[in-house]
Amino acid sequence: MSYWVNGIESQYIDASDRAVQFGDGCFTTIHVFNHQPKMLDMHIARLMHDSARLKLPQPDWPELEKQISAICQQQSADEFVMKIILSRGAGGRGYSSVGFTCPTVVISIAPFPKHYQELQRTGTKLILSTIPTSKNAYLAGMKHLNRLEQVLIRQEIDEAQADEALVTDTDGLLVECCTANIFWRKGDCVFTPNLAHSGVNGLMRQRIIECLMASQYSLEVVERFPDVLSCSDEVIICNSLMPILPVVNIRVDENKPSWHYQSRELFEYLFLHCQI
């Protein structure tokens with residue numbers, strides 16, 4: 001991996017940086033293909049929106065876009081993952097954010113996860129996580145830096161040798177997966193969880209919703225418990241890198257049969273219409 005901190009190639013940030021001290025910041029993850037960052041306008045808009053909600057000091061946005069473009073063009077690989085982190089900056093000891101005027105901007109690049117292409121063919125296997133996400137309407141939807149819940153969920157996934165996990169909130173309502181959003185289909189009706197109180201409103205989720213609104217499918221944003229998936233015709237998961245994967249089975253309990261899915265109707269429709 002390679003890193004740039006405030007425009008300078010470096011692997012180091014100040015130990016007093018608020019990202020380290022409090023997870024005080026936000027981030028976005030970009031799929032770069034043919035040296036071009038996909039959905040860059042949406043990623044920049046996300047950073048602007050989330051940093052404004054957190055009242056972070058703002059970077060020079062045109063300069064940041066120039067840095068992104070330059071880094072993409074400099075790489076020998078033509079496909080990779082770029083992550084952009086914004087933090088409130090360095091300094092201070094307590095929680096107060098008074099006096100912070102210069103954000104820390106960290107850009108990193110990493111190899112693209114090639115296994116997504118294989119999972120498009122074979123489908124993904126999910127478990128039901130025992131770790132819920134917290135409900136907080138003020139933070140809901142944002143891709144903030146506080147990801148400890150996802151770290152613990154990923155441990156469960158690795159231990160179960162699964163691909164992903166269904167994640168619920170503290171009331172047991174379905175929210176998302178560890179690193180992806182989720183949709184399910186029953187006939188011509190498609191559903192996705194309400195993220196008003198928990199979860200990340202992913203950019204591919206937004207793109208899929210836009211696509212479905214102009215399709216023959218009806219779409220509902222709902223609050224449901226995970227067992228609604230037991231009688232669904234199809235389940236898909238998505239994020240900016242996948243970008244869309246079919247689910248073939250979900251294991252919710254070692255002592256009960258898994259839920260299985262064979263249809264790829266929605267997956268094939270979205271894969272055709274949501275390419276960027």
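Colleague: What classes of residue make up the lining of the largest pocket?
Modeller: The lining has 27 nonpolar, 11 polar and 8 charged residues. Ala, Val, Leu, Ile, Met, Phe, Trp, Tyr, Cys and Pro count as nonpolar, Asp, Glu, Lys and Arg as charged, and the others, Gly among them, as polar. Keep in mind that this is a predicted model: local features need pLDDT of at least 70, side-chain atom pairs count only at pLDDT 80 or more, and totals for chains, interfaces and linings use all residues. Residues are numbered from 1 along each chain as its sequence is written, and side-chain values use heavy atoms, leaving out hydrogens and water.

Colleague: What makes something a pocket, or a residue part of its lining?
Modeller: On a 1 Å grid over the protein atoms alone, a pocket is an open set of points with protein on both sides within 12 Å along at least five of seven lines, and lining residues have an atom within 4 Å of a point. By that rule 46 residues line the largest pocket, with Phe27, Thr29, Lys83, Lys143 and Thr179 nearest its centre. The space in the pocket comes to about 1,100 Å³, where volume is the space filled by probe spheres set on the points, which are joined across faces, edges and corners.

Colleague: Why is the largest pocket said to lie between domain 1 and domain 2?
Modeller: Domain 1 (2-112) and domain 2 (117-274) both give residues to its lining, so the pocket lies between them. Those bounds come from an automatic or database domain assignment. The C-alpha centres of the two domains are 26 Å apart. Their contact (heavy atoms within 4.5 Å) takes 21 residues from domain 1 and 19 residues from domain 2.

Colleague: Which strand gives the most to the lining of the largest pocket?
Modeller: That's β6, with 4 residues. Strands are DSSP runs of E, at least two residues, and helices are runs of H or I, at least four, numbered from the N terminus.

Colleague: How do you know that strand β1 pairs with strand β6?
Modeller: Two strands pair if DSSP finds at least two bridges between them. Here 4 bridges join β1 (residues 2-5) to β6 (residues 104-111), so these antiparallel strands count as paired. Ser2, for instance, stands opposite Ile109 in β6.

Colleague: What makes β2 and β4 edge strands?
Modeller: The open sheet has 6 strands in the order β2-β1-β6-β5-β3-β4, with antiparallel pairing. β2 (8-9) and β4 (36-37) each have a single partner strand, so one side of each is left without a neighbour in the sheet. Helix α2 (residues 40-53) packs on this sheet, touching β3 (25-33), β4 and β5 (79-87), and its direction makes about 175 degrees with that of β3. The axes are lines fitted to C-alpha atoms, for helices over the stretch in contact, and angles run from 0 to 180 degrees between N-to-C directions.

Colleague: Which strands pair with β7 in the parallel sense?
Modeller: β7 (residues 124-128) pairs with β14 (residues 244-251) over 4 bridges, and 3 bridges join β7 to β8 (residues 164-168). Ile127 faces Arg251 in β14, while Leu128 has Leu166 in β8 as its bridge partner.

Colleague: What makes His35 and Pro243 worth a look?
Modeller: Most residues other than glycine have a negative phi, and most peptide bonds are trans. His35 has a positive phi of about 65 degrees although it is not a glycine, and sits in the loop between β3 and β4. The bond from Met242 to Pro243 is cis, with omega near -15 degrees. Pro243 belongs to the loop between β13 (234-238) and β14.

Key:
On a 1 Å grid over the protein atoms alone, a cavity is a set of points where a 1.4 Å probe fits but cannot get out, and a pocket is an open set with protein on both sides within 12 Å along at least five of seven lines; lining residues have an atom within 4 Å of a point.
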